[in-house]
Structure formats: C-alpha cells, structure tokens
Amino acid sequence: MQETSREAYASINPQTLLGEIVYRLRESATGLTCDALEIILERSHQSVSSCIRLGVKRRWIEDSGERQPTRSGRRAIIWRVLSGKLE
C-alpha cells in the first residue's frame, strides 16, 4: 500500500464510517448503492467503497443481487446487511 493511501485510510476512521454504513443499510428496506451512501453520508466514493469492502470481508454486508442506476446512469450493486447479521 502506498504511503498516501495509508495516510488517507488512517484519516477517515473506517470503524465509525463502517458503522454509519451498516446503520443506513439496516434502516433501508431495499438496500442502497455505494453512490446513494456517498450522497447520504456526504463522503467520497473512495471512503464509502473501501468501507463497504471491509464490511463484505467481515461478512456484515452483501450484494443483494439487485442493481440500480447511479447519478451517472450506470447500474450499481444494491448493498444490504447480510441476512441474520447485526440484529
């Protein structure tokens, strides 16, 4: 990992952001795209997507199998909390 990447990662406190992401996904009836989470949380794509990836690795977050257009019109994964987890 590049030094600048380590510095950026350290500056965002991913545990707190991951907690926010999980909370928002649990509150959503249908799940949310990374793009929607970026808007809701007012955070960068890099911050949100890296925390989603961490949640996937920890088996807290999963791909719902559904897709939805983003602001750019591209189809994106709708993420949700892994069934039966974090309840």
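The face of helix α4 turned away from its buried side carries the exposed residues Q46 and K57. This is a predicted model.

**Helix α4**

- Helix α4 runs over residues 45-57, and its end C-alpha atoms lie 18 Å apart; this agrees with the 18 Å that 13 residues should span at 1.5 Å a residue.
- S47, V48, C51, I52, L54 and G55 are the buried residues of α4.
- Viewed down the axis of α4, these buried residues fall within an arc of 160°, so they line one face of the helix.
- An α-helix has 3.6 residues a turn, so residues three or four places apart point the same way.
- R59 follows α4 and has a positive phi, near 65°.

**Strands β1 and β2**

- Strand β1 covers residues 61-69 and strand β2 covers residues 75-81; the two pair in the antiparallel sense over six bridges.
- The two strands β1 and β2 form a hairpin, with five residues between them.
- In the turn, G73 has a positive phi of about 95°.
- R80 in β2 stands opposite E62.

**Residue S64**

- S64 counts as buried because its relative accessibility is 14%, where the cut-off for buried is under 20%.
- The S64 side chain reaches the backbone oxygen of I78 at 2.7 Å.
- Apart from neighbours within four places in sequence, S64 is in contact with I78 and R80.

Conventions
Residues numbered from 1 in each chain as written. Predicted model: local features only at pLDDT ≥ 70, side-chain atom pairs only at ≥ 80, totals over all residues. Heavy atoms only, no water. Helix = DSSP H or I, 4+ residues; strand = E, 2+ residues; numbered from the N terminus. Expected span 1.5 Å × (residues − 1). Buried < 20%, exposed > 50% of the residue type's maximum accessible area, 1.4 Å probe, protein only. Arc of directions from axis to C-beta. Pairing = 2+ DSSP bridges. Polar contact = N/O pair within 3.5 Å; in protein donor to acceptor, adjacent residues only side chain to side chain. Contact = heavy atoms within 4.5 Å.
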